[in-house]
Amino acid sequence: MINRRDIIKASLIGAPAIGAAGAATAQTGSDIVLGRPCVISTWDFGVAANQAAWAVLSKGGRALDAVEAGARVPEADLKNHFVGRAGYPDRDGHVTLDASIMDEHGGCGAVAGLEHIAHPISVARRVMERTPHVLLVGEGALQFALEQGFPREELLTPESRAAWRDWLKTSDYHPVANGAVGDYGKTLGVPGGKGNHDTIGMLAIDAAGDLSGACTTSGMAWKMRGRVGDSPIIGAGLYVDNEVGAATSTGVGEEVIRNAGSFLVVEFMRQGASPQVACKQAVARILARKPDAKTIQVGFLALGKTGQVGAWSIQKGFTYALCDARKQDALLPGDSFY
Ligand code: SD4
């Protein structure tokens, strides 16, 4: 994988892009600028998700439809143990899913602790479009999904069950009072980091220049029953402001919630920070408020209204995928403090 600077130099993605008015848009600082339409998402598997989103965007489709289509790809991927079907369960063996979606009008919908439904992102969209509410949880979310015609399914695969049983041998998870990131087990490594890094956050701009975002996850492996992370919390795991830009997060959700992370990134952008600087400042805020957070992973991804991209994390290892008319399979490492 080449680094961000190389890619900008090589003009692979950082080449002058077609901006809002169809004119060449200059890069600002170290920001990568994508053409319109475009889509970005967290982690390596974001490449495949972006391509599904691109199938919508390249035909002039709406960013909202694109991010839903993209997020459904890892939700269905049996090799991905941190999103949708085959997600690792909580400590009691239940696969509980969190997801949120936001559109260009500030509309939002989310589900938390949803069981037995393979595509929580689509249920989140129904919450947005067909209820007067923003967030449905647990039993109520399941009831709503079934009423909406989503099939009830077993999401715990034999492989995920085996991993859970293996984890039960040591139950290697030690929450610390209200701070607590815990130890997610030796096989998963740094909490929120490599080995435990498959939440997808996806942000898109469509041909009309409108923004939408989606975020979906099975949350931290072996979490306490009832634990909800940042991904379904609007302003924490996802925030979209069609005037300014959008942001999403991955990693240990407790630290993101504590700092209203994605909202914070968008607010920094509103105050004039580039998406890259905004992500960096939000990670710095987390570290300033809780210095021992340097042992965990949190990453932010942001997309400015005119296609600038930002990505910053606590630890090395955060990657993100980019896609516009010039290239649909770009993958870059984010910048980090450690
Ligand atoms: C959570 N943020 O539930 C999610 C998990 C994650 O990389 O992103 N892991 O806290």
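**Strand β11 and its surroundings in the predicted model**

Strand β11 and strand β12, the latter spanning residues 298-304, pair in the antiparallel sense over seven bridges. Within this pairing, Ser-249 stands opposite Phe-300 of β12. The structure described here is a predicted model, and the pairing of β11 extends to strand β10 (residues 238-241), with which β11 is joined, again in the antiparallel sense, over four bridges. Three residues lie between β10 and β11, and the two strands form a hairpin, in which Asp-241 has Gly-245 of β11 as its bridge partner.

The burial of β11 was examined residue by residue. Gly-245, Ala-247, Ser-249 and Gly-251 point one way from the strand, whereas Ala-246, Thr-248 and Thr-250 point the other way, and all of these residues are buried. Because seven of the seven residues of β11 (residues 245-251) are buried, the strand is largely enclosed by the rest of the structure.

The ligand is surrounded by 15 residues, of which the closest are Thr-199, Gly-219, Gly-229, Thr-250 and Gly-253. Thr-250, listed among these closest residues, is also one of the buried residues of β11. When the shell around the ligand is divided by class, it comprises three nonpolar, 11 polar and one charged residues.

Gly-253, another of the residues closest to the ligand, falls in the range of helix α7, which covers residues 253-258 and includes Glu-254. Glu-254 counts as buried because 26 other C-beta atoms lie within 10 Å, against a cut-off of 20 or more. The C-alpha atoms of Glu-254 and Arg-227 are separated by 9.8 Å, although the two residues are 27 residues apart along the chain.

When neighbours within four places in sequence are left aside, Phe-318 is in contact with Gly-299, Ala-311, Ser-313, Gly-334 and Ser-336.

Packing between helices was examined for α3 (residues 63-76) and α4 (residues 120-130), whose axes come within 8 Å and cross at roughly 145°. Helix α3 contributes Glu-68, Ala-71, Arg-72 and Glu-75 to this contact, and α4 contributes Ile-121, Ser-122 and Arg-125. By class, the residues of the contact of α3 with α4 divide into two nonpolar, one polar and four charged.

Over the chain as a whole, the secondary structure comes to nine helices and 16 strands, and buried residues make up 58% of the 338 residues. Among contacts with a separation of 6 or more, 64% are accounted for by residues 24 or more positions apart.

Confidence in the prediction was considered last. The mean pLDDT of the chain is 87, and 83% of its residues reach 70 or more. Over residues 5-29, however, pLDDT stays under 50, and the model has 43 contacts beyond four places in sequence for this stretch. The pLDDT is likewise below 50 over residues 175-186, a stretch with 26 contacts in the model beyond near neighbours in sequence. Where pLDDT is low, predicted coordinates should not be read in detail.

Key: Residues numbered from 1 in each chain as written. Predicted model: local features only at pLDDT ≥ 70, side-chain atom pairs only at ≥ 80, totals over all residues. Near = placed C-beta within 6 Å. Nonpolar A, V, L, I, M, F, W, Y, C, P; charged D, E, K, R; others polar. Buried ≥ 20, exposed ≤ 12 C-beta atoms within 10 Å, placed from the backbone. Contact = placed C-beta atoms within 7 Å. Pairing = 2+ DSSP bridges. pLDDT = per-residue confidence, 0-100. Axes fitted to C-alpha atoms, helices over the stretch in contact; angles between N-to-C directions.
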